[in-house]
Amino acid sequence: MLAYSAMGIALNVVLGTVVSWMKIPLLFLDTIGTVLISVLFGPWWGVLTGGLTNVVLGTTTGASAIFFGLVNIAIALVVGFMARKFDFTKWYVAISAGILVSIIAPLIGTPIAIAVYGGLNGSGMDLIVLWLRASGESVFASTFISRITGNFIDKIITCMLVMFLIVRLPGFTKIMNKGKNHAA
């Protein structure tokens with residue numbers, strides 16, 4: 001399970017970096033490893049994967065990434081417990097998890113972004129924040145709205161990709177079924 005968690009951390013860092021470098025709008029894929037490990041082995045292994053991802057990013061890209069580990073941990077808990085209760089190989093479960101996480105992640109990440117960056121983080125979403133601020137919205141509302149729009153697309157795609165991987169790779173289905181019985 002530790003080897004799979006390390007793979008999940010690598011997926012988060014590599015896919016998040018590649019998608020960021022490619023400047024694909026409204027897509028991050030920086031939590032796909034967390035979601036995969038949470039579905040396969042349960043929420044606590046997902047928490048380990050998500051938390052350590054942000055520690056790795058904090059040491060390699062900037063210390064402020066560590067604060068956003070709370071978002072990754074919340075994603076692991078939500079998806080992990082949903083996968084325990086429902087069959088994550090069903091598209092509607094994956095979409096439901098994506099929608100739920102796309103709301104929870106910005107609720108946690110927005111106050112962190114405001115405290116660390118003043119609501120701006122140097123991405124293209126800053127244009128939305130600035131536009132909303134100019135139209136009279138509060139810092140929280142402006143930052144939250146910009147974050148939820150990106151998260152809505154990203155988290156649903158992330159959960160659907162994980163569901164697709166589990167359905168298409170038979171080894172993952174066996175791991176998921178075993179993990180439900182023996183997850184830490």
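This is a predicted model: local features need pLDDT of at least 70, side-chain atom pairs count only at pLDDT 80 or more; totals for chains, interfaces and linings use all residues.
Residues are numbered from 1 along each chain as its sequence is written, and side-chain values use heavy atoms, with hydrogens and water left out.

**The overall view**

Switch to a cartoon display and you will find eight helices and zero strands. Both are DSSP runs numbered from the N terminus (H or I, at least four residues, for helices; E, at least two, for strands).

Now colour by burial, where buried means under 20% relative accessible area, exposed over 50%, and partly exposed in between (1.4 Å probe, protein chains only). Buried residues account for 44% of the 184. Next, think about contacts, meaning heavy atoms within 4.5 Å. Of those between residues at least 6 apart in sequence, 71% join residues at least 24 apart.

**First stop: helix H1**

Select Ser5, which sits in helix H1 (residues 2–22). Is Ser5 buried or exposed? Ser5 is buried, at a relative accessible area of 2%. Leaving aside residues up to four places away in sequence, Ser5 touches Ile37, Trp45, Leu48 and Thr49.

**Second stop: aromatic pairs**

The structure holds five aromatic pairs. Rings of Phe, Tyr and Trp (its six-membered ring) pair if their centres lie within 6.5 Å; planes under 30 degrees apart count as stacked, over 60 as edge-to-face and the rest as tilted.

Select Tyr4 and Phe41: this pair is tilted, at 5.4 Å centre to centre with 50° between the planes. The pair links distant parts of the chain, with Tyr4 in helix H1 and Phe41 in helix H2 (residues 32–41), 37 residues apart. Tyr4 is partly exposed at 32% relative accessible area, while Phe41 is buried at 6%.

Then move to Phe140 and Phe144, a stacked pair at 6.0 Å centre to centre with 5° between the planes. Both lie in helix H7 (residues 139–168), four residues apart, about one turn of the helix. Phe140 is partly exposed at 38%, and Phe144 is buried at 17%.
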